[in-house]
Amino acid sequence: MISSKTNVDRRRIMLLGLLVPPTLFLLVFFIVPLTIMVIYSWLEPGLYGGVVWNFYDLNYGRILGWADSRYEKFDPVYLAIFFKSVRLALTTVLICLFVCYPAAFWISKMSDTKKNLFLFLVTLPFFVSLIVRLFAWVLILRPTGFLNQALMGTGLISEPLQIIFTDTAVIIGMTYVFIPFMFLPLYASIEKLDMSLLESSSDLGATRLQTFRRVILPLTLPGIIGGSIIVFIPALGNFIVPSLLGGAKVLMIGNLIEQQFLSARNWPFGSALGMIVMAAILVLLVYYVKMMTREDRLARTPSIKEVQ
Amino acid sequence: MNALKSIKIAALALTALAATNAAQAQEKLSLYNWGDYINPEVLTRFTEETGIEVSLDTYGSNEEMLAKIQAGASGYDIVFPSVHMHDIMSQLDLLAKTDIGSSPGFDNIDPQFVRASTDPNAEYCLPYAWGNVGIVYNKNKVDELSGWADLFELAKSGEKIILLDDPRETIGIGHILNGTSVNSTDEAEVVAAANVIKDNLENVSAFSYDSIPLVQSGDVAAAHWYVGANIFVQQNPDILEYIIPEEGATMYQEDMCVLKNAPNQANAKKFMEFYLKPEIAALNVEQQMNGTPNIPAQALIPSEIADNPSIYPPADVLSKLQIFEDLGQDLKLYNREWTAIKTAQ
Amino acid sequence: MSPILNITGATKRFHTPDGKSVTALDDVSLRVEQNEFVTLLGPSGCGKTTLLRAISGFEGLESGAIEIAGSPVTHLPAHKRPVNTVFQNYALFPHMTIAKNIAYSLDVADTPKKEISERVGKMLDIVGLAGFGDRKINQLSGGQRQRVALARSLIAQPKILLLDEPLSALDKNLRHKMQQELKSLQAEFGIAFVFVTHDQEEALTMSDRIVVLSDGKIQQHGTPEDLYRRPKTEFVARFVGESNLFEGHVVEASSQNALVQIGNGQKVSINKSGLREGVKVKLLARPEDLSVGHNADREGLKFKAKIDQLFFVGADYQILATTHDGLAIKATLRPSAQSRDPIGSPRSEIEFFIDKEALHVIAAEAVHE
């Protein structure tokens, strides 16, 4: 009895020891900054940055519609920028998916040595500064750059393509930056895929397309969704790519927020914009969780349903 | 000032520092400067002379520097705010009193450069450098360019141009073309100035600080840039040219200030006094190709810099250069219009 | 009536990464009749799984042809062949319920929903999983998964059911139970089963016919009794059942009989025709063919031996012994109903007798290692 009790105590202490550091970490690096942001977004901006401790709802009013004064005026442009950012981020997600999905399949079927080599190659860009890599893209995409020279050299085009400083350049840049983030979760779920299930499906009369839709897709869905979320969230808030490859003419919500802190000296407005982005992402995640649990419930109902 | 260059310059400074005597490494000085805004040679000379180890961090805008200092960035001794930011920082009580104005070498400084209204006797900061913001262009793309109107005409004709990604500089072009002050807080005037940019927006390919390589390669015909473009003009005299637009332009001046919570106040003062020496100020100009308020230094500068009217303009051009002042709340007008410009396409 | 499965001259080689090639199927021809339970038996690497995969369509052939129910399927992709497979690991779809798993082949064929639900319900009844339809796969035991896999393969009414070592993951008791269930399912559905295993006991228990494969070649095929009593090669003799093999040569041959002398000099007359004098042979005796003591009325082989190991396995004793001239002997002895005394003990001496009628001759030309 006594020894079992001390065992329980010891395990409790161990558990506490394991839980305290991550809790503290989350508290210091996640909860505290988040709380600061929430509070700041409801405060008056200080004249030279910082905040004045007065309740102030015009930061949100500027975005959502009730502010109307000389300095704080509602402008639908902020929401327009937000939706444009969503569109660019979603496009990035889709392109990453279309590039990574077949690539992950291809690599998962290689020998172990080759697999490791390719996984290493996928993570290789992380060893070089992002800024340097994006400047390299400026050199590639500009009118006299490698891409246009190559295309003109092969006679495919006669005039250089105007890609740099457009939405297309931003999407190319973001796709490039986020491909490893999409690839790794996708690869993890595709590598786990039991190839005998594909044979089994084909044995039971399914065509390749049916096998893809009914077996491969649902089984790799966690990787697809995981990768998409991991790409979508930072793509939505990205400001480096639009400012370098979009020539700051392509304005994303991340640029707008950065501008509030680093040039407009309006921290509360920047916080409010950040909160709007975060709220949108939370809604998306909640919807995803709900959808997943509903699917799980559906799978438990006794009726035989056609999954389309 | 771009980040890549900041990294490069930091690396240069570090190599320079690595070469100095490590035995004296306990004495330190930490600079927080604009990217690419000091000759690394100056830092090497300072370390050689005093044994004080210098470290350099960089920022891209006054607001970025202020935000980081306000947010609690500590450990920096010297910052380089523009004059209006010097005023703001004085009001926010962020600067240390150095009495640099009473230092023996301060007679070298042209008194008209002691501009900050909060620091009329240079009790806090030392005028560091000044310059103008004009146009750099590719001579293969356009024969001659004399001003802002020409720049927009060039864009209309189908050539590409780049403007700075800075609300006040870029809306400032509109003010200059409209004949209004770049420090105007009149809403109608600000909107009108912004409209000048909006009207020309489809001919502006980007807002960027990183335009020089693109001008040089001919991808872009001309760009709104700082007087420091002369560095590149000197390297490629057949391709590049830098001008102060005939309609007028903005000018800037940065002051060297010691932070109130600087850990190495004494070393910071030593650096300021070191920089008062004409040969040091001249050494900096030689690489930076900008203006110095140090009068005896101007005699030591190579003649191609001293005689370059785009760096040291004649009095009539100088009189057309406007310097930014702090606008307080009214900065919001500019930010609002800036967002409107960015989303007008 | 034509056979349900007719394979002629199937040949397949695999290429290893280091440039060598391995012959997995070497001119294999096989016929399987409607309603037959055929087992492909052999050690790993013998080609049995390759043969099964060639039938299901997952492996192409280099040469040869496959016909199912009279129509050629050699170049038909797997999903168009009227056969279904029960995989070794069952390959059930983990993201679907049991009912959805079973319904899969009907779903992909766009069968009306009402019909699907009726047929799935019936199938669940047959495999004893009624009421389990909405469970997830990970909620099932090994035996239940096995039944789901069977139900899923049988629901599409294949012409042939292919089974790839489906019982190997089950424990012994469950395996015996499933063996019986498989046999009764086959009777119920009246279709041919082609069953792959490396377990000779399982093959003997279940099959109408066994095909023994080695090195991509069919060594012998026949009924379980054929293979056990009359193996054509030493390989088959050793692979199917336990065996005692005695090397010898024919010293005298007549039209009906042959006198064979084995290594230790004993001679025995075997009732077998067609053996020439001087030919090397091996004599096979199964462990249960050995008895203790000498019956003077009968002709046969006798060995004095020392017991090395003795196992009591309920009905029988299994004995491993070494004869005085060094031959290893395996014997399964059943004590008589009258005497329940132990047959012997390790290190004790024992005398074995093998009746000449129990000996089976494997001719030298068929003897190979």
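**Exercise 1: The interface of chains A and B**

Solution. Step 1. The rule finds five salt bridges across the interface of chain A and chain B.

Step 1. On the side of chain A that touches chain B, the elements giving two or more residues are α3 (77-108), α5 (130-141) and α11 (253-262) of chain A. Helices (H or I, at least four residues) and strands (E, at least two) are DSSP runs, numbered from the N terminus.

Step 2. By class, this side of chain A has 21 nonpolar, eight polar and six charged residues. Here Ala, Val, Leu, Ile, Met, Phe, Trp, Tyr, Cys and Pro count as nonpolar, Asp, Glu, Lys and Arg as charged, and the others, Gly among them, as polar.

Step 3. In terms of contact (heavy atoms within 4.5 Å), 35 residues of chain A meet 46 residues of chain B. About 3,500 Å² is buried between chain A and chain B, 58% of it on carbon and sulfur atoms; buried area is the accessible area (1.4 Å probe) that two parts lose on being put together, summed over both. Y48(A), Y71(A) and K249(A) supply 23% of the area that chain A buries against chain B, more than any other three residues.

Basis of the values. The model is predicted: local features need pLDDT of at least 70 and side-chain atom pairs count only at pLDDT 80 or more, while totals for chains, interfaces and linings use all residues. Residues are numbered from 1 along each chain as its sequence is written, chains are lettered from A and ligands numbered from 1 in the order in which they are written, and side-chain values use heavy atoms, with hydrogens and water left out.

**Exercise 2: The interface of chains A and C**

Task: Determine which element gives the most to the side of chain A that touches chain C.

Solution. Step 1. The contact takes 27 residues from chain A and 33 residues from chain C. The area buried between the two chains is about 2,500 Å², with 57% from carbon and sulfur atoms.

Step 1. The rule finds one salt bridge across the interface of chain A and chain C. R53(C) forms a salt bridge with E199(A), the closest N and O atoms being 2.7 Å apart.

Step 2. The elements giving two or more residues to this side of chain A are α8 (195-203), α9 (208-237) and α12 (267-300) of chain A. Among them, α8(A) gives the most, with seven residues. The residues of this side divide into 10 nonpolar, nine polar and eight charged.

Step 3. Of the two pairs of chains in contact, chains A and B share the most contacts. No contact joins chain B and chain C, whose closest C-alpha atoms lie 46 Å apart.

**Exercise 3: The nonpolar cores**

Task: State which residues touch the most other members of the largest nonpolar core.

Solution. Step 1. A nonpolar core is a set of buried Ala, Val, Leu, Ile, Met, Phe, Trp, Tyr and Cys residues joined through side-chain atoms within 4.5 Å. Buried means under 20% relative accessible area, exposed over 50%, partly exposed in between (1.4 Å probe, protein chains only).

Step 1. Of the 158 residues in the largest core, I78(B), M89(B), L126(B), M256(B) and F271(B) touch the most other members. The largest share of this core, 15 residues, comes from α3(A).

Step 2. Apart from this core lies another, of 34 residues, among them V86(C), I98(C), L124(C) and V148(C).

**Exercise 4: Two residues**

Task: Is I164(A) buried or exposed, and is S205(B) buried or exposed?

Solution. Step 1. I164(A) is found in the loop between α6 (146-153) and α7 (167-192) of chain A. I164(A) is buried because its relative accessible area is 9%. Not counting residues up to four places away in sequence, the residues that I164(A) touches include V138(A), L141(A) and L245(A).

Step 1. S205(B) is found in strand β6 (residues 204-207) of chain B. With a relative accessible area of 13%, S205(B) is also buried. Its contacts, not counting residues up to four places away in sequence, include F165(A) and K249(A).

Methods
A salt bridge is a side-chain nitrogen of Lys or Arg within 4 Å of a carboxyl oxygen of Asp or Glu.
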